[in-house]
Amino acid sequence: MKPIFVLNGPNLNRLGKREPEIYGTTTLAQVEQTCRDVAGELPVRFLQTNGEEALINWVHEAIDEAAGIVINPAGLSFQAVSLYDALKMFPGPIFEVHISNIHRREPIYHHSLVSKVATVVIAGLGARGYEVAVAEMVRMLTDKSEKTAK
């Protein structure tokens, strides 16, 4: 069974402490546990980095190893063409997650490059967006494998 990669970009290691009025008080460790719980039997590879290079390298790994990607690229969503290019190579579903509603924020946050390659975009559900993303990713992958088995 190929895992779901849950990839997290810059500053998400500060969840629970950073601007709680925008991002809430849920920590990244709590988000990880929720993702693992929701995924059930499906393995999850949960990673966070403050650097673009590591995020791109994990996307490259996912191309060969993952069934799907759930990604919160954070600030890299809006400027990282190299991340966009890497995600374009991924053959499976990509779910982009943003804790805040990026469209209700400052104009710099309105145009995500990642959204242009994402299968699904979830924004504004707080940390619960990860739960929704993983649950729907599992459903999508399960439906796909059931159809291929028939």
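This is a predicted model: local features need pLDDT of at least 70, side-chain atom pairs count only at pLDDT 80 or more; totals for chains, interfaces and linings use all residues.
User: What percentage of the residues in the protein chain is buried?

Analyst: A residue counts as buried under 20% relative accessible area. Of the 150 residues in the protein chain, 44% are buried.

User: Why does the radius of gyration of the protein chain agree with a compact globule?

Analyst: The value is set against what a compact globule with 150 residues would have, which is near 15 Å; the protein chain has 15 Å, so the two agree. The C-alpha trace spans about 50 × 30 × 25 Å along its principal axes.

User: How many helices and strands are there, and what pattern do they follow along the sequence?

Analyst: The protein chain has five helices and five strands. Read along the sequence, the pattern is β-α-α-β-α-β-α-β-β-α. Of the contacts with a separation of 6 or more, 75% are between residues 24 or more positions apart.

User: Where does histidine 98 lie, and is histidine 98 buried or exposed?

Analyst: Histidine 98 lies in strand β4, residues 94-98. Its relative accessible area is 4%, so histidine 98 is buried.

User: Which residues is histidine 98 in contact with, leaving aside neighbours within four places in sequence?

Analyst: Among them are Asn72, Pro73, Ala74, Ser77 and Phe78, along with Ser112 and Ile122.

Technical notes:
Residues are numbered from 1 along each chain as its sequence is written. Side-chain values use heavy atoms; hydrogens and water are left out. Helices (H or I, at least four residues) and strands (E, at least two) are DSSP runs, numbered from the N terminus. Buried means under 20% relative accessible area, exposed over 50%, partly exposed in between (1.4 Å probe, protein chains only). Contact means heavy atoms within 4.5 Å. The radius of gyration is taken over C-alpha atoms; the globule rule is 2.2 Å times the number of residues to the power 0.38.
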